[in-house]
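Have the model open as you read.

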Amino acid sequence: MKINVTFDLTPEEFRRVMGLPDVQEFQKELFASMLEKMKSGEDGYDAMSLYQPMFNEGMNAMGQFQKMMMSMMSGASSSDKENS
């Protein structure tokens with residue numbers, strides 16, 4: 001037996017049903033505060049220092065992916081030679 005149940009909810013309705021807090025106002029205030037500090041040039045709030053951790057992780061992930069692909073290709077080429 002197979003039963004399918006479909007709920008047609010907006011994200012706001014889903015958040016309320018799940019009992020999750022409404023953080024939209026907090027996010028707006030936090031973003032406005034960060035934007036103000038960026039505009040005033042406060043130390044530590046320049047765009048590069050805020051996004052640097054994300055850039056580093058993204059580059060590390062890309063490097064790891066490239067290493068994985070190279071090891072897979074070198075493994076495939078060496079197993080092809082062994083089978084010949």
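Q: How many of the residues of the protein count as buried, in percent?
A: Of its 84 residues, 1% count as buried. Keep in mind that this is a predicted model.

Q: What makes Arg15 buried rather than exposed?
A: Its relative accessible area is 16%, and buried means under 20%, so Arg15 gets the label "buried".

Q: And why is Glu12 called partly exposed?
A: Glu12 comes out at 26% relative accessibility. Buried would need a value under 20% and exposed one over 50%, so Glu12 lands in between, as partly exposed.

Q: What about Arg16, buried or exposed?
A: Exposed: its relative accessible area is 60%, and the cut-off is over 50%.

Q: What makes the pairing of Arg15 and Glu12 a salt bridge?
A: The closest N and O atoms of the two are 2.5 Å apart. A salt bridge asks for a side-chain nitrogen of Lys or Arg within 4 Å of a carboxyl oxygen of Asp or Glu, so the pair qualifies. The two side chains are also joined by a polar contact of 2.5 Å, for which the limit is 3.5 Å.

Q: How do you know that Arg15 and Glu12 are about one helical turn apart?
A: Both sit in helix 1, and they are 3 residues apart. An α-helix has 3.6 residues a turn, so residues three or four places apart point the same way.

Q: Which residues are linked in a network of salt bridges?
A: Glu12, Arg15 and Arg16. Besides its bridge to Arg15, Glu12 meets Arg16 in a salt bridge at 3.2 Å, N to O. Glu12 and Arg16 are 4 residues apart in helix 1, about one turn. A search of the whole structure finds 2 salt bridges.

Q: What does Arg15 contact, leaving aside its neighbours within four places in sequence?
A: Leu20, Pro21 and Asp22. Arg15 itself belongs to helix 1, which covers residues 11–18.

Q: How many helices and strands does the protein have?
A: There are 3 helices and 0 strands, and the pattern along the sequence reads α-α-α.

Q: What span does helix 2 reach, and what is expected?
A: Helix 2 (residues 24–40) has 17 residues and reaches 24 Å from its first C-alpha to its last, close to the 24 Å expected at 1.5 Å a residue. Just after helix 2 comes Gly41, with a positive phi of about 80 degrees.

Q: Where is confidence lowest, and where is it highest?
A: Helix 3 (residues 47–83) has the lowest, at a mean of 73, and helix 1 the highest, at 89. The mean pLDDT of the protein is 80, with 82% of its residues at 70 or more. Where pLDDT is low, the predicted coordinates should not be read in detail.

Q: What share of the accessible surface belongs to carbon and sulfur atoms?
A: 61% of about 8,000 Å².

Key:
Residues numbered from 1 in each chain as written. Heavy atoms only, no water. Helix = DSSP H or I, 4+ residues; strand = E, 2+ residues; numbered from the N terminus. Buried < 20%, exposed > 50% of the residue type's maximum accessible area, 1.4 Å probe, protein only. Polar contact = N/O pair within 3.5 Å; in protein donor to acceptor, adjacent residues only side chain to side chain. Contact = heavy atoms within 4.5 Å. Expected span 1.5 Å × (residues − 1). pLDDT = per-residue confidence, 0-100. Areas by Shrake-Rupley, 256 points an atom, 1.4 Å probe, with all protein chains shown as cover.
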